[in-house]
Amino acid sequence: MKYQAEITAILIILAFAAMIVVVINSGSHEWAGSDDQAEDVIDQMTGETYEPWASPLYEPPSGEIESLFFSLQAALGAIVIGFFFGYYYRGRQINP
Amino acid sequence: MHIMEGFLPPIWCLFWFIVSAPFIVYGMYQMRILIRENRETLPLLAVAGAFVFVLSSLKMPSVTGSCSHPTGTGLGAILFGPFVTSVLGLIVLLYQAIFLAHGGLTTLGANVFSMGIAGPIVGWAIYKGCTKTNINTYVTVFLAAALADLFTYVVTSVQLALAFPAESGGFVTSFIAFATMFAGTQVPLAIIEGVIIALVFKYIIAVRGEILVKLNVLSASAVSRLREAAA
């Protein structure tokens, strides 16, 4: 079947989305990053509060600016992917 | 999610830098040869790097009520092998450590090892192993990408457990605690990542299958068979 891979992918992503909807509607969650959780586990394991011995040279001043950099990262990657797939696809049409 | 800045004792930071360095150096050497001798693979190399960029910027919610992001290293590992992929991973980790305070410069060695080296080695080995058998190519790609993602977090757990053994029970207790925490969040994301990369692999076969033959990723007969199936 021509679109078997696409259909499978969409179904799996939908199943994932449905699970998230269920979790959102079942109690409150923090939706924190798992690296923050790692910090808690470190404290639990060693029984003391761990003090990081180095801090980042630069930290985004706010959540907005942080999301700017994350979007920029995704956008740069997406441009490269789109450009080269378009380049390959067109090349194939002209020169099969 | 990477180990944050300052969150590994200095001795472990140094240790992981020393472990990662040879992979990066050899990866750069391989990359130079690839660029010089196989110029037409350059766009594919850019796409593999771009995938690490895009996927590791997407912090997604997971079923455990916390967030994490995929690694995207599976595609690079399948196409170019683990050494070249370690260089791609290094670029992304540097960007995130410098601009986003995500990961860190002191923990860069450890993070490169988990995301850029250990994960891709597993993905690459699974891909090479499964292509020798009769398993469907897309299932193989799915397995390689998903397990590369998952293994990255197994290694992160090992790294944290080595640096922070539990008061009672030591390394093993600590490893189980870190691994269960990461696994719950990461398993669904690894599955999604595997699906996306398997789909992209289909498109690469459709538009430029002959480069995969040249890179020794697929045999010429496999490419024409998969193309016929998709037509």
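**Note on chain A and its contact with chain B**

1. In this predicted model, the contact draws on 48 residues of chain A and 52 residues of chain B. On the chain A side, helix 1 (4-24), helix 2 (34-46) and helix 3 (63-94) each contribute at least two residues. Helix 3 of chain A gives the largest share, 16 residues. Sorted by class, the side of chain A that touches chain B consists of 32 nonpolar, nine polar and seven charged residues.

2. Chain A has three helices and zero strands, in the order α-α-α along the sequence.

3. For 96 residues, a compact globule would have a radius of gyration near 12 Å, whereas the value for chain A is 22 Å. Along the principal axes, the C-alpha atoms of chain A occupy a box of roughly 65 × 40 × 25 Å. Of the 96 residues in chain A, 14% are buried.

4. The length of helix 3 of chain A can be checked. With 32 residues at 1.5 Å a residue, helix 3 should span 46 Å, and because its end C-alpha atoms are 46 Å apart, the two values agree.

5. Which residues of helix 3 of chain A are buried? They are A:Phe70, A:Gln73, A:Gly77 and A:Phe84. In an α-helix there are 3.6 residues a turn, so residues three or four places apart point the same way. The buried residues of helix 3 of chain A pack against two helices of chain B, helix 2 (42-55) and helix 4 (82-99).

Key
Residues numbered from 1 in each chain as written. Chains lettered and ligands numbered in written order. Predicted model: local features only at pLDDT ≥ 70, side-chain atom pairs only at ≥ 80, totals over all residues. Contact = placed C-beta atoms within 7 Å. Helix = DSSP H or I, 4+ residues; strand = E, 2+ residues; numbered from the N terminus. Nonpolar A, V, L, I, M, F, W, Y, C, P; charged D, E, K, R; others polar. Expected span 1.5 Å × (residues − 1). Buried ≥ 20, exposed ≤ 12 C-beta atoms within 10 Å, placed from the backbone. Rg over C-alpha atoms; globule rule 2.2 N^0.38 Å.
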